[in-house]
Amino acid sequence: MHTTHEYTPPPLPPPFHHHHQTTPANPPTLLTQGAEAHLYKTHYLSAAHPAALKIRPSKPYRHPILDRRLTRQRILQEARCLAKLVREGVSVPALYAVDWEGQTVTDADTGAERYGGAWLLMEWVEGDVVRVVVREWEGYMLRHFGDDRDVDGHVERKREEDRMKDFLRRIGGAVGKLHAAGVIHGDLTTSNLILRGTNLGVKKEGEGDAVDEGRDGLGHVGLEGEVVLIDFGLAGQSVQDEDRAVDLYVLERAFGSTHPRTEGFFAEVLEGYRASYRGSVSVLKRLEEVRMRGRKKSMLG
Amino acid sequence: MIAVGIEGSANKIGVGIIFHPEDGSTPQVLANVRHTYVTPPGEGFLPKDTARHHRAWVVKLVKQALQDARITVKDVDCICYTKGPGMGAPLQSCAIAARMLSLLWGKELVGVNHCVGHIEMGRAITGAQNPVVLYVSGGNTQVIAYSSQRYRIFGETLDIAVGNCLDRFARTLHISNDPAPGYNIEQLAKKGKRLMDLPYTVKGMDISMSGVLAAIDALAVQYGLNGEWNEKEESTGPALEAADGGKPTRADLCFSLQETVYSMLVEITERAMAHVGSKEVLIVGGVGCNERLQEMMGIMARDRGGTVHATDERYCIDNGIMIAQAGLMAYKTGFRTPLKDATCTQRFRTDEVLVKWRD
Amino acid sequence: MDLSRISILEKKTTEFSVPKSIACAMSSSLLETIDLAHLPPSMPVYVALYRDVKNAASLRQQLISGNADFEYAFIDASMVLSRAHALSAVFRAVNDSINGRLKSRNVHSEIVFSFSPANNIAESFRKFGIADSTKDLLVIKVSTTPEITHDSVAAHLSQHVEGSVVPFDDDTLSNIADVTKIKKAYKLGALKTPPPTQPNGTHDDGTKQLELSVLGAIALRGAT
């Protein structure tokens with residue numbers, strides 16, 4: 001059994017280790033630390049361009065040659081997808097800068113030099129993730145119309161549901177455009193979609209319950225705005241129906257497990273997908289096969 | 001309570017006897033004996049021959065286990081056996097032995113999932129409470145985490161198991177199967193230096209091994225390193241490999257294969273840890289003995305502020321005690337396998353088992 | 001893209017003794033000092049934008065002859081879409097420079113090269129660098145040594161560039177930029193523009209998309 005050490009995240013790679021007073025750059029703020037990458041909020045060129053900094057740190061358990069090869073491949077894969085999608089007019093964060101060569105960093109304690117990983121700077125998309133938007137909407141619906149889903153003819157309720165359906169069609173439309181551009185996302189959950197411009201004033205998970213701010217005076221949850229796809233860390237270029245169908249399946253399951261009151265409307269996502277992508281027919285057929293197969297993914301989440 | 005466990009899902013037959021004290025204190029291993037069917041270099045084990053081996057050894061091993069444990073038949077509470085997954089014929093020969101003992105001794109049967117056996121024994125030996133489990137053996141490669149009375153599979157191989165990949169490459173190189181091909185690859189890999197470029201296939205939390213195997217096999221053929229080898233040729237190896245980009249050695253190939261596939265395993269394990277928010281890893285299964293895999297997992301876990309648990313060859317290689325351990329845990333919750341259902345099955349997914357003994 | 005200016009230092013012509021022949025060019029001297037986010041504080045960037053440049057040929061000649069006094073990035077401003085476009089090339093070049101990855105002679109030639117989406121240095125100079133016929137000129141100087149200061153650069157430029165200084169901002173650049181040529185250089189001729197039905201969509205969406213596509217191309221140059 002190996003002993004436990006206190007973990008400190010690795011230092012930021014160059015050039016982000018300069019935090020001097022004369023630049024407007026505040027030190028990048030760490031937002032999330034996944035298995036693959038660390039995400040920071042910072043800016044690009046000047047404070048006028050808020051940016052997300054994604055660092056793929058070196059993985060010391062890997063052979064250094066393999067480590068560099070994988071880190072480079074993956075940061076480039078993501079950067080290429082973003083750049084391509086911007087050119088194709090798909091709503092994704094724009095690529096600002098990328099360093100795939102990786103950096104040599106000096107260990108503060110030992111003075112030893114080692115490979116510090118690669119980074120990517122992209123446009124910061126302001127808004128709430130769809131997971132939060134839908135959760136808020138579901139909460140609103142529950143408060144206003146109770147848990148009885150069979151009540152018909154409630155005009156306001158119907159109007160709310162129509163807004164949600166429109167929103168879901170726009171989500172499907174964004175995914176359709178993505179697939180039409182020949183890119184698959186690879187991890188299409190409601191946490192990887194942002195409704196641009198919204199600000200529900202919702203605290204991050206783990207910071208307690210959502211607060212009632214940021215909605216309009218009536219307490220409606222804003223569903224208008226552009227749907228932006230984010231986190232292309234597992235994305236790739238593919239023209240296989242199977243890969244596209246799996247993207248949709250993952251999204252469907254994300255709705256199923258996270259948004260029980262909205263799951264029933266998932267057909268609207270597929271409707272929006274159909275309308276925005278000409279190759280949708282064979283993908284949707286394939287989706288049925290993927291659903292049947294179900295595999296172990298049905299145990300996830 | 002005392003349980004006898006019989007395992008024979010692959011080329012090892014093992015019999016173990018475990019004792020769970022009534023006061024709930026630490027289980028005690030009373031006996032753990034095993035015999036391995038070893039084939040000549042370059043050959044794998046066939047189901048029919050393996051089953052014959054198991055039939056020839058099972059009675060001998062049961063007798064020896066009882067002797068080691070210093071117990072008599074009347075002390076035994078239940079007979080646990082591997083219901084699956086595994087190779088059909090070897091599983092059958094053990095199931096028959098278990099049914100025979102059940103009728104002969106008048107003891108109830110408990111059919112055990114082999115993977116759950118590994119997990120429960122690993123937890124018992126290491127004391128890991130709620131780890132992400134990497135289960136790596138000749139037949140299985142899975143990343144597992146516990147949730148609401150199931151061991152759920154978060155990631156797995158999409159084609160062949162990691163142990164199978166190593167075993168098959170050992171056959172390509174005609175590396176000895178004694179004591180185990182994986183062990184001999186590991187020893188050879190320690191002398192390797194050069195990392196060859198091999199396919200690295202991770203898809204989310206799943207991996208694929210067939211591309212790596214095909215590529216490393218092709219390299220072996222390309223450099224004439226496949227087939228039987230003589231000591232003289234290998235001893236001139238260092239001279240050949242000296243020049244950068246020159247001919248790789250067998251050791252280099254073993255080294256490259258290990259570095260590549262173990263990186264894939266550690267990567268999906270880390271992803272699962274991040275997903276479920278766990279800081280503990282438990283490695284089980286025959287490949288779990290590999291010290292390089294343990295070392296890499298340890299570095300990953302350390303960088304996440306976590307811990308890795310692994311067991312030695314007594315417990316990570318297939319054994320009877322793990323079947324006894326998992327079986328007895330189920331038995332204590334009232335689980336029984338009636339004689340008419342005491343069959344075996346080649347496919348038996350880890351998540352099919354209701355883990356009633358955990359919260 | 002609207003880039004807020006970090007600092008603009010105006011220098012009065014009276015502070016310098018200027019040859020009469022080019023004194024007219026000094027009437028509105030604007031040399032901007034820019035600290036790019038994340039780059040070392042010791043390396044500010046000086047940028048000036050000129051219109052109606054009269055002596056492009058002789059400036060280019062100085063460059064070709066390797067006169068160290070003329071180590072600048074001289075960019076044909078008709079190839080520049082916006083501040084963010086120009087500064088992205090600077091960011092890329094300076095970052096490559098501090099990482100010891102220059103592909104060309106120095107950080108200033110690297111800036112010209114960094115405008116390019118392709119790996120051919122000579123071609124990048126033909127497409128983005130100063131030509132004899134250049135009328136609108138973007139001059140960029142990185143402070144690679146402490147001796148290179150705002151004053152030293154301003155003085156040198158005012159002596160040698162015959163043209164009228166205009167503000168280095170998106171409005172001015174949009175009047176100068178030759179969008180067709182830029183699209184061609186970045187192989188973005190077929191750039192699809194998003195449908196105008198987009199919520200909050202403005203007529204600028206196409207320009208914005210072009211700019212963001214260009215930034216992506218600069219970032220990815222050399223990726224194999």
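In what order do the strands of the open sheet in chain B run? The order is β8-β7-β6-β11-β12, which makes five strands with mixed pairing. Keep in mind as you look around that this is a predicted model.

## The sheet

β8 (150–156) and β12 (307–310) of chain B are the edge strands, each pairing on one side only. Neighbouring strands in this sheet are turned against each other by 25° on average, with direction ignored.

Now for one pair inside the sheet. Strand β6 (residues 132–136) of chain B and strand β7 (residues 141–147) of chain B are joined by four bridges and pair in the antiparallel sense. To find your way between them, look for Val133(B), which sits opposite Ile144(B) in β7(B).

## Helices on the sheet

Helix α3 (residues 114–126) of chain B packs on this sheet. It touches β6, β7, β8, β11 (280–284) and β12 of chain B, and its direction makes about 125° with that of β11(B).

Another helix that packs on the sheet is α9(B), with contacts to β6, β7, β8 and β11 of chain B. The direction of α9(B) makes about 155° with that of β6(B).

## Two helices side by side

α9 (residues 250–276) of chain B also packs with helix α4 (residues 162–172) of chain B, at an angle of about 175° and with the axes 11 Å apart. So α4(B) is roughly antiparallel to α9(B).

Who meets whom here? On the α4(B) side you'll find Val162(B), Cys165(B), Leu166(B) and Phe169(B). Across from them, α9(B) brings Leu253(B), Cys254(B), Leu257(B), Val261(B), Tyr262(B) and Leu265(B). Sorted by class, this contact has ten nonpolar residues, no polar ones and no charged ones.

## The annotated loop

UniProt, in an unreviewed entry, gives a "binding site" feature at Tyr135(B), Val136(B), Ser137(B), Gly138(B), Gly139(B), Asp167(B), Gly182(B), Glu186(B) and Asn290(B). Two of these are worth a look: Ser137(B) is in the loop between β6 and β7 of chain B, and Gly139(B) lies in that loop between β6 and β7 too.

Is Ser137(B) buried or exposed? Ser137(B) has a relative accessible area of 7%, so it counts as buried. Leaving aside residues up to four places away in sequence, Ser137(B) touches Ala161(B), Val162(B), Gly163(B), Asn164(B), Gly285(B), Gly286(B) and Val287(B). One of these, Val162(B), also belongs to the α4(B) side of the helix contact above. Gly139(B), on the other hand, has a relative accessibility of 58%, so it counts as exposed.

How values were computed. Residues are numbered from 1 along each chain as its sequence is written. Chains are lettered from A and ligands numbered from 1 in the order in which they are written. This is a predicted model: local features need pLDDT of at least 70, side-chain atom pairs count only at pLDDT 80 or more; totals for chains, interfaces and linings use all residues. Side-chain values use heavy atoms; hydrogens and water are left out. Axes are lines fitted to C-alpha atoms, for helices over the stretch in contact, and angles run from 0 to 180 degrees between N-to-C directions. Angles under 35 degrees count as roughly parallel, over 145 as roughly antiparallel, 65 to 115 as roughly perpendicular and the rest as oblique. Contact means heavy atoms within 4.5 Å. Ala, Val, Leu, Ile, Met, Phe, Trp, Tyr, Cys and Pro count as nonpolar, Asp, Glu, Lys and Arg as charged, and the others, Gly among them, as polar. Two strands pair if DSSP finds at least two bridges between them. UniProt positions are given in the numbering used here, feature names are shortened, and annotations may be inferred rather than shown by experiment. Buried means under 20% relative accessible area, exposed over 50%, partly exposed in between (1.4 Å probe, protein chains only).
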